[in-house]
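This report covers a ligand shell, a helix pair and a loop residue. The sequence and structure are shown first.

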Amino acid sequence: MSGRVAGKKVFITGAAQGLGAAMASALAAEGAKVALADLNQAGAEKAAAELNAKHGDGTAFAYALDVTNEEQWIAALESANSVMGGISGIINNAGISSREGGIEELSLEGFRKLMSVNVDSVFLGAKHGIKYLAKNQPGSIVNVSSIAGLIANHTSPGYNASKAAVWLLSKNIALYCAKKGLDVRSNSLHPTFINTPILDPIRNMFGKEEAEAKLARQVPLGRIGQPADVANAAVYLISDESRFITGSELKIDGGISAM
Ligand SMILES: NC(=O)c1ccc[n+]([C@@H]2O[C@H](COP(=O)([O-])OP(=O)(O)OC[C@H]3O[C@@H](n4cnc5c(N)ncnc54)[C@H](O)[C@@H]3O)[C@@H](O)[C@H]2O)c1
């Protein structure tokens, strides 16, 4: 099998739809084996079946995984390691946003939920995944943060805080692996508005066209991003093309953070 990530075996969370599914598809097209893990097991199975139909059986595997559950992480990683013949990449992509309101409106329960899904996930994925990557060097961890992890707004305290935590946790993991002498890299991705179901709440509020136009007006390039814009970055960070890049953040924001 040829391709930019030929021979890579990549475990991807939140892969039933949206960015996770797009990353799985782009990686499989470039020669990787992929394990698609998601709370939505049926969705992960459907996405994996589509990749197997396109690229051949044994390309993609599906796992039911709640990324906040440590036991499930341990079991899914062990199984993926066994069926793929190793794990050389982990993409911590599963995440949630919510209509939070300001800090006085968001409940403690709501805050904890955002922190749990968006941050515990990255902690658990790295904590239990590094040992597999160590056996399949060079390895790469890609953590999906957000531009909202670097730039705050006034209505998303839990999302801002959780995605900022992902940003620095990625650097911590990078330094930990380097200090251990492992050729295992860790980097974060920071997309702005990308055309996935995560934008549905705002589409439902304003209607699809108006919602997307409103978002596009905030982006210097004048449009929202597409899943492939993020998937291409993931392929690069999983591939050996990025072998000297660790502890970095890659913004995929159409220029928002340049303002
Ligand atoms: N789309 C955007 O505009 C955008 C922008 C910046 C960052 N992000 C981040 O990108 C990532 C993917 O977002 P998306 O747009 O594809 O969202 P999405 O809602 O389309 O998909 C998220 C997937 O994660 C899964 N998931 C949710 N909670 C889970 C859990 N506890 N365990 C396992 N899986 C779970 C869902 O079932 C779903 O399949 C998220 O971390 C999100 O915060 C998205």
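A residue is taken as near a molecule if its C-beta atom, placed from the backbone, lies within 6 Å of it. The model described here is predicted.

## Ligand shell

The ligand is surrounded by 30 residues, and the closest are Gly 14, Gly 18, Gly 95, Thr 196 and Ile 198. Sorted by class, this shell holds 15 nonpolar, 13 polar and two charged residues. Helix α1, which spans residues 18-29, contributes the most to the shell, with three residues.

## Packing of α4 and α5

Helix α4 (residues 108-134) packs against helix α5 (residues 157-179) at an angle of about 15 degrees, and their axes are 8 Å apart. Angles under 35 degrees count as roughly parallel, so α4 is roughly parallel to α5. The crossing of the two helices is right-handed.

On the α4 side, the residues making the contact include Phe 111, Leu 114, Met 115, Val 119, Val 122 and Phe 123. Those of α5 include Tyr 159, Ala 161, Lys 163, Val 166, Leu 169 and Ile 173. In the contact of α4 with α5, 16 residues are nonpolar, four are polar and one is charged.

## Asp 240

Asp 240 sits in the loop between α8 (227-238) and β7 (249-252). Asp 240 counts as partly exposed because it has 13 C-beta neighbours inside 10 Å.

Along the chain, Asp 240 and Ser 140 are 100 residues apart, while their C-alpha atoms are separated by 8.9 Å.

Note on methods. Residues are numbered from 1 along each chain as its sequence is written. This is a predicted model: local features need pLDDT of at least 70, side-chain atom pairs count only at pLDDT 80 or more; totals for chains, interfaces and linings use all residues. Helices (H or I, at least four residues) and strands (E, at least two) are DSSP runs, numbered from the N terminus. Ala, Val, Leu, Ile, Met, Phe, Trp, Tyr, Cys and Pro count as nonpolar, Asp, Glu, Lys and Arg as charged, and the others, Gly among them, as polar. Axes are lines fitted to C-alpha atoms, for helices over the stretch in contact, and angles run from 0 to 180 degrees between N-to-C directions. Angles under 35 degrees count as roughly parallel, over 145 as roughly antiparallel, 65 to 115 as roughly perpendicular and the rest as oblique. A crossing is left-handed if the near helix is turned anticlockwise from the far one by less than a right angle, and right-handed if clockwise. Two residues are in contact if their C-beta atoms, placed from the backbone, lie within 7 Å. A residue is buried if 20 or more other C-beta atoms lie within 10 Å of its own, exposed if 12 or fewer, and partly exposed in between; C-beta atoms are placed from the backbone.
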